[in-house]
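Here is a short note to read beside the model. Take the points in order and find each residue as it comes up.

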Amino acid sequence: MEQAVKEADRIIIGIDPGTNVMGYGILGVIKSKPQLIAMGVLDLTKIGDPYTKLGRIYDRVKMLVEQFCPDEMAIEAPFFGKNVQSMLKLGRAQGVAIAAALSHEVPITEYEPRKIKQAITGNGAASKEQVREMLKRILAIKSENMIPQLDSTDALAAALCHFYESSKPAKSPRASSWKDFIAKNPNRVQKRTDN
């Protein structure tokens, strides 16, 4: 693990926030190829006090940032559900994780769950199990090394989604019409001469 961290040109941490279980995944980019460095979960199910849970999330994310020195963080955005209380709790967990990363000036990008699933499986409605199986293939993870909690693979998927999104070439502005193209590229247009 330490060797992979040293060899990495870039490190991305992915976070799947939650007030009962928070998943994390660390990707190293070595020679433009993503590789798994670490993944796991913070289990908060035995803690009753919601503020103690938030404190533990902050401490764990801060520790991960200090340990792996990520260049960027990808975090899963809360999905919009019918239960407002659940949304508030999830939003707080996400905010605390973001604050921990910001305390070390780590840039953060937020991705909707559908966007992450689309990036990994090609299907925005894929199941968590399908995402896990694709991650195993893409990152060549042996089954015995795969942590069974889906929260950790969701976090790893967020990191891999960010790798894909941030590796795309920048889009160049296109001309809106042939007239615009000719005006902006006069040296690429030959004038026709009638004989």
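1. **Start at E133.** E133 is partly exposed, with a relative accessible area of 34%. Partly exposed is the range between buried (under 20% relative accessible area) and exposed (over 50%), with a 1.4 Å probe and protein chains only. The side chains of E133 and R132 meet in a salt bridge, at 3.8 Å from N to O. A salt bridge here is a side-chain nitrogen of Lys or Arg within 4 Å of a carboxyl oxygen of Asp or Glu. Salt bridges with shared partners join R132, E133 and K136 into one network. R132 itself counts as buried because its relative accessible area is 18%.

2. **What you are looking at.** This is a predicted model: local features need pLDDT of at least 70, side-chain atom pairs count only at pLDDT 80 or more, and totals for chains, interfaces and linings use all residues. Residues are numbered from 1 along each chain as its sequence is written, and side-chain values use heavy atoms, with hydrogens and water left out.

3. **The overall plan.** The protein has 7 helices and 5 strands. Helices (H or I, at least four residues) and strands (E, at least two) are DSSP runs, numbered from the N terminus. Along the sequence the pattern reads α-β-β-β-α-β-α-β-α-α-α-α. Of the 195 residues, 41% count as buried. The protein exposes about 12,000 Å², and carbon and sulfur atoms supply 51% of that. These areas come from the Shrake-Rupley method with a 1.4 Å probe; for residues, only the protein chains shown count as cover.

4. **The sheet.** In what order do the 5 strands lie in the sheet? They form an open sheet in the order β3-β2-β1-β4-β5, with mixed pairing. Two strands pair if DSSP finds at least two bridges between them. Strands of a sheet pair through backbone hydrogen bonds, either parallel or antiparallel. β3 (33-43) and β5 (108-111) stand at the edges with a single partner strand each, so one side of each has no neighbour in the sheet. From one strand to the next, the twist averages 20 degrees.

5. **β1 beside β4.** These two strands pair in the parallel sense over 4 bridges. I15 has I75 in β4 as its bridge partner. R10 and E72 also form a salt bridge, with the closest N and O atoms 2.7 Å apart. That pair links distant parts of the chain: R10 is in β1 (residues 10-16), E72 is in β4 (residues 72-76), and 62 residues separate them. Are R10 and E72 buried or exposed? Both are buried.

6. **A helix across the sheet.** Helix α3 (residues 84-102) lies across β1, β4 and β5. It runs at about 180 degrees to β4. Axes are lines fitted to C-alpha atoms, for helices over the stretch in contact, and angles run from 0 to 180 degrees between N-to-C directions.

7. **Helix α2 and E66.** K62 and E66 both lie in helix α2 (residues 50-68), 4 residues apart, about one turn of the helix. Their side chains meet in a salt bridge, 3.4 Å from N to O. K62 is partly exposed at 26% relative accessible area, and E66 is partly exposed at 45%. E66 and H104 are 38 residues apart in sequence and 8.1 Å apart in space, C-alpha to C-alpha.

8. **Two totals to keep.** By the salt-bridge rule, the count comes to 6. Residues 24 or more positions apart account for 60% of the contacts with a separation of 6 or more. A contact means heavy atoms within 4.5 Å.
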